[in-house]
Amino acid sequence: MNASGMKLSLGAYTALFLVFLYGPLVVLAILSFQTGPEGGPQFPIIEWSTYWYKHLFGLTPPSRIAPLPIEQALVRSLGLAVMTMIVSTVLGVTAAQAFRRKFRGSGVVFYLIVLGMMVPGVLVGLGMALVAKTLGIDRHWWSTAFVLHVVYTFPFAFLVMLAIFNRFDPSMEEASWSLGVTPARTFRKVTFPLIFPGVLSAMLFAFTLSYDEFSRTLFASGRDLTLPLAIYGTFSVEVHPNVFAFGVLTTLFSFALLGTYAALMMLSVRRAKRIAIQEEA
Amino acid sequence: MSTVLQLKNITKTYGDMRALNGIDLALPGDAYISLLGPSGSGKTTLLRVIAGFEHPDGGAILFDGKRIDTVPPHKRGIGFVFQNFALFPHLSVAQNIAFGLENRDVDPVADRRLVDTRVRDIISLVGLSGLEGRAVTQISGGQRQRVALARTLVTEPRMVLLDEPLGALDANLRARMRAELRAIRERCGVTFLHVTGSEAEALAMGDTVLVLESGRIAQSADSDTVYNRPASPAVARFLNCYNLFPGRIEGGVFVGGSGQFALGSATPSRAASPAYAIRYDRVSVRPREAAIAEDEIRIEANFVASEYSGAAVNSFFALDDGRVFEVESHLSHAAPETYAEQGRYALVWKREDALVYA
C-alpha cells in the first residue's frame with residue numbers, strides 16, 4: 001500500500017473510533033431535547049424542546065413524572081470527590097516522594113498500594129460492608145465509602161507522581177540544601193513548584209474517579225446515596241429523558257473541570273518549557 | 001595557612017565497587033585546589049561525600065576542626081556548584097541568587113533591601129549586571145555558570161565545591177571562565193575545590209593539584225611538581241604527556257619489552273610496579289644513521305602519523321613490540337619536519353630526563 005493510501009485508511013479508522021467513542025454521548029444529548037412530559041427516551045424526536053432541562057430545575061408544571069432525586073446526592077458526590085481528591089493527592093505525593101529512595105520492603109509496599117486499584121470494586125465494597133457490620137460501625141458516604149474511594153484513587157495519584165518524580169532532577173534540591181535551606185523548606189520552595197503540573201493531574205484523576213465511582217460505593221455508603229447510585233435508582237423505575245438532560249449537564253461540568261485544568265496547566269507550561277531548555281543545555 | 005577541611009581515611013563502597021578507598025587529605029583555607037581524576041576514579045563521589053549528599057562508610061570529615069560526618073548538608077556551610085548548574089527554573093536570575101539568603105535555616109536575611117544590596121554586589125562581582133530580571137533559561141551557558149556561582153558565593157560559605165564546573169561550556173568560554181573563576185575566588189577569599197577530568201584545567205587552575213586514582217589520593221602537590229615529577233606511573237599516564245614502559249630493573253638498566261634503557265643518576269621513585277616514563281617533549285626524532293651522545297638513549301620505530309595543534313606537532317611512532325610512542329615537537333624551536341610514512345627513525349632522549357619507578 002502506498003503512503004497516501006495508508007494515511008487515508010488510518011484516518012478512516014480514527015474517524016470510526018471517534019464515532020464509537022462519542023456516539024452514545026451524542027445520542028444521549030439529542031434525546032435530551034425530546035419534548036415532554038409525554039415524549040420518551042427513544043427516537044423519533046416528536047418535537048425539539050428544552051422541557052427536560054426545565055424539569056430538572058423544577059421549572060415545569062407538575063406532572064406524573066417526579067423530579068430526579070439528585071439534589072442531595074449531587075452535593076454528597078461533590079463533597080466526597082473533593083475530600084477524596086485532597087486526601088489521595090496528599091497521600092500520592094508523599095508516598096511517591098518516599099519511593100524516590102530505595103527502602104527495605106519498598107517492592108511489597110508498592111504492590112500493596114497498587115492493589116487498591118486492581119481488586120474488583122464490588123468485592124471490596126461488600127467486604128467493607130461486612131467489616132462495618134461486624135465492628136458495629138454505621139456506613140456513611142463520608143466514612144466507609146470515603147475510605148474505599150481513597151483506597152481506590154490513591155494508587156492513581158501515586159503512579160502519576162511517581163512518573164513525575166522520575167523525571168525530576170534531584171540536583172536542584174541538593175543545590176538548595178547546600179545553600180543552607182532545610183529539606184522541608186526546599187520541598188516547599190523548589191520541589192513543589194516544579195512538580196505542580198503533576199499534582200494537578202493527580203488531583204484531576206482522584207476527583208473524576210471518585211465522582212462517578214459506583215461499585216465500591218454501592219455497598220459501603222449506607223442509607224444516603226451518592227449521585228451515581230441515585231441515578232441508577234431512577235433507572236429501576238422508568239427512564240425519562242430528564243436523566244439524559246442531567247447527563248449532558250454533568251458532561252459540561254466535566255468539560256469545565258478539564259478547562260480549568262488546562263488553564264492551570266498552561267500557566268505552568270512556560271515553567272515546564274524552561275526546565276526542558278535547561279536540561280538540553 | 002590554616003587547614004579548613006580534613007578527611008581521614010574516608011571509604012565509600014557501592015555494592016562491590018570501592019568508590020573511595022581510604023582518602024586522607026587536608027585542604028588549606030583561601031586556596032584554589034583542583035582535584036584531577038579520570039572518569040570512574042571517585043572524584044564526584046568524594047565531592048558529594050564532603051557536601052553531605054552521600055554518607056561515607058568509614059572515616060572522619062573535619063570542617064573548621066569540627067566533625068561533620070553526621071551533619072546534614074544544609075547545616076555544613078559548604079557551597080556546591082553543579083556541572084549542570086541546577087538553577088531553579090521557576091525563578092529569575094536575581095531570585096535564584098537571593099534564594100539562599102532568604103530561605104536558609106541559619107541567619108536568613110528578611111530585610112528586602114539588604115537582600116537586594118547583597119544580590120546586586122555579587123551580580124556585579126561575577127559580571128551579570130543587566131540580567132537580573134531574566135529567566136534562567138533566557139541566558140547563555142556561561143551566564144548560567146555565573147548565576148550558579150553567584151548563588152553559592154552570596155551565602156558566604158567557607159568553602160565551595162565545584163563539580164566539573166566548566167564541563168558544560170564550549171572550549172572558548174572554558175578558557176575565559178578559568179581565569180575568571182580564579183579571580184572571583186581571590187576576591188572572596190574562600191577555598192575552592194574544583195573537580196575536573198581535564199589535566200590541562202587542573203594544572204592551570206589549582207594552587208594545589210590533587211590526583212585521584214582508583215579511590216585514593218595518588219599525589220598532592222603544586223602544578224609544577226605534578227607535571228614534572230608525577231608520583232606514580234598511574235599519575236604519569238593520566239597526565240597524558242608521558243610514554244610509559246612496564247618492565248624491571250636489573251643492575252642499573254631498565255629492561256622492558258621495547259628495549260633496555262640505561263638509568264640516570266636519580267634514585268627511582270617508589271611505585272607498586274616498576275615503570276619507565278619519558279615525556280613526549282623530551283624526545284627528539286633523528287635519522288637512523290645519526291650518532292648519539294654518551295648520555296642519550298635511542299630506540300628505533302616506524303612513523304605512523306602526526307597531528308598538528310598550532311604551537312606543536314605530535315608525532316606517533318609504532319615500536320617493534322606494537323606499542324605506540326608519542327613525540328611532541330614545539331614549532332617555536334624548529335620548523336615542522338615531515339617524516340616518511342612507515343619510515344624508520346631513531347627516537348632519542350637524555351638518560352637524566354626519564355622518570356623511573358621501582
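Colleague: What should I know before I start?

Modeller: Residues are numbered from 1 along each chain as its sequence is written, and chains are lettered from A and ligands numbered from 1 in the order in which they are written. As the model is predicted, local features need pLDDT of at least 70 and side-chain atom pairs count only at pLDDT 80 or more, while totals for chains, interfaces and linings use all residues.

Colleague: How many helices and strands does chain A have?

Modeller: Chain A has 11 helices and zero strands; these are DSSP runs numbered from the N terminus (helices H or I, at least four residues; strands E, at least two).

Colleague: How do I read a helix pair, say α6(A) and α8(A)?

Modeller: Two packed helices are described by the angle between their axes and the distance between the axes. Here, α6 (residues 144–166) and α8 (residues 183–211) of chain A have axes that come within 9 Å and cross at roughly 155°. Axes are lines fitted to C-alpha atoms, for helices over the stretch in contact, with angles from 0 to 180 degrees between N-to-C directions. So α6(A) and α8(A) are roughly antiparallel (over 145 degrees; under 35 is roughly parallel, 65 to 115 roughly perpendicular, the rest oblique).

Colleague: Which residues in α6(A) and α8(A) meet?

Modeller: Phe156(A) and Val160(A) are among those in α6(A), and Ala202(A) and Phe205(A) among those in α8(A). Contact needs C-beta atoms, placed from the backbone, within 7 Å.

Colleague: And how many residues of chain A are in contact with chain B?

Modeller: 22 residues of chain A are in contact with 27 of chain B. The largest share of chain A's side, six residues, comes from α7(A).

Key
Contact = placed C-beta atoms within 7 Å.
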